[in-house]
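Trainee: Please take me through this model, one piece at a time. I would like the terms settled before the details.

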Amino acid sequence: MGMSERFRPGREPRLGETRKDNMKIGEYNITFFDAGEFRLDGGSLFGPVPRVVWNRGNIADENNRVAMPLRCLLIEGHGRKILVDTGVGHKGSESYNEMYGISFARGTLDGFLEMQNLKRDDITDIIFTHLHFDHVGGATHLVAGQPWPTFHKARHIVQKKQLDHSLKPTERDRGSFAAHDIQPLVSENLFVCLDGDTEFLPGLWILEANGHTPGLQMIKITDGKQTLWYSADLLPTVMHISLPYITAYDYDPITTLKEKKNFLQQALDGNWIVAMPHDWNISAMYLKQNERGQIVKGEEVDV
Ligand SMILES: [Zn+2]
């Protein structure tokens, strides 16, 4: 069987496909888009869960990798144009791109901005969920072979804890951080550091979590009636709603477990729309409880 046949359940992406419909919550227009895709080893992605369980949908390619979109958000409101993450970017060497299966068949950040009639300098803020290469790479590009910031006018928002950690990662997680993604932003003084949960704009919260990496930033937008929670890599895919599914890349998996329980319960109780960065088929959904009392995927939200 060819890879494309057994590669994925659900639909294949159409060439150049990008989400372009808006979600509106209060004063905010929220647009989902994919800044490309990449692949990670399924064993690492699903942590302690064995392949015979996680690969029931035949989602692994011939190298045991699982393809995932690099889903980002554009949030417009209160006079700001905010990106949440920037994808992996285009600085990778051929061998690097091959190792991570990086492809832009689902779209690019620049292509998305063009479609929205936005210039790079129109972006006022970039909220980085964290500084792993698949989230921050698109904030720099090569100029004469050197990495250079792409969004000069934007405040680059990060938790202080995450920036500090990214500059001094452990031997175990340093593969997730690339100096050429982060150093140019430090040198040009573009980072604005936050310390903990912050109401960034009215009704737009940045919420801290620390299991996936110290100082992960999640987004919560609420108008009192409707709430969107962008989970960042606390829940990379729908499969990660199941509690044991915690990636091997996580810095502190037991903290991730506690944070998952806490936020999944809040999202269920508050009837939040949950959006995830790396699920191939589903951008956003509600949660529900199954007959065994477990929190599981509920109704999908079309965005
Ligand atoms: Zn990620």
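Mentor: Two strands count as paired if DSSP finds at least two bridges between them. Helices (H or I, at least four residues) and strands (E, at least two) are DSSP runs, numbered from the N terminus. The model is predicted, so local features need pLDDT of at least 70 and side-chain atom pairs count only at pLDDT 80 or more, while totals for chains, interfaces and linings use all residues. Residues are numbered from 1 along each chain as its sequence is written, and side-chain values use heavy atoms, with hydrogens and water left out.

Trainee: In the hairpin of β12 and β13, which residue takes a positive phi?

Mentor: Start with the pairing: β12 and β13 are antiparallel over four bridges. In one of these pairs, Ile221 has Leu228 of β13 as its bridge partner. Four residues lie between the strands, and the one with a positive phi, near 90°, is Gly224.

Trainee: And which residue has a positive phi in the turn between β11 and β12?

Mentor: β11 (residues 204–209) runs antiparallel to β12, joined by six bridges. Leu207 stands opposite Met218. The hairpin has six residues between its strands, and phi is positive, about 75°, at Gly215.

Trainee: How many residues of strand β12 are buried?

Mentor: Buried means under 20% relative accessible area; exposed means over 50%, and partly exposed lies in between (1.4 Å probe, protein chains only). β12 spans residues 216–222 and is mostly covered. Of its seven residues, the number buried is six.

Trainee: How far apart in space are Glu76 and Leu113?

Mentor: Glu76 sits in strand β3 (residues 65–77). Beyond four places in sequence, Glu76 is in contact (heavy atoms within 4.5 Å) with Glu27, Tyr28, Asn29, Thr31 and Lys81. Glu76 and Leu113 are 37 residues apart in sequence, and their C-alpha to C-alpha distance is 13 Å.

Trainee: Within what arc do the buried residues of α7 fall?

Mentor: In α7 (residues 160–167), the buried residues are Gln162, Leu163, His165 and Ser166. They line one face of the helix, because the view down its axis puts them within an arc of 165°. That arc is taken from the directions from the helix axis to the C-beta atoms. They pack against β8 (155–159), α8 (179–187) and β9 (191–194), and the arc is 165°.

Trainee: Which exposed residues does α8 carry on the face turned away from its buried side?

Mentor: Asp181, Ile182, Pro184 and Leu185 are the buried residues of α8. They cover an arc of only 165°, so they share one side of α8. Their cover includes α6, β6 (140–143), β7 (146–149), β8, α7 and β9. The face turned away carries Ala179 and Ser187.

Trainee: What is the relative accessible area of Asn189?

Mentor: Asn189 is in the loop between α8 and β9. Its phi is near 55°, a positive value in a residue other than glycine. Asn189 is exposed, because its relative accessible area is 68%.

Trainee: What is the relative accessibility of Ala144?

Mentor: Ala144 lies in the loop between β6 and β7. Its phi is also positive, near 50°. Ala144 counts as exposed because its relative accessibility is 81%.

Trainee: At what distance from the zinc ion do its protein donors lie?

Mentor: Donors are N, O and S atoms within 2.8 Å of the metal (3.2 Å for Na, K and Ca); water is not among the atoms, so sites may look incomplete. Here the donors are Asp134 (OD), His135 (NE2), Asp233 (OD) and His278 (NE2), at 2.0 to 2.2 Å.

Trainee: How many residues apart are His135 and Asp233?

Mentor: The donor spacing in sequence is D-H-x97-D-x44-H. His135 is in helix α6 (residues 133–136), and Asp233 is in the loop between β13 (227–230) and α9 (253–269). Both are buried. The pair links distant parts of the chain, with a separation in residues of 98.
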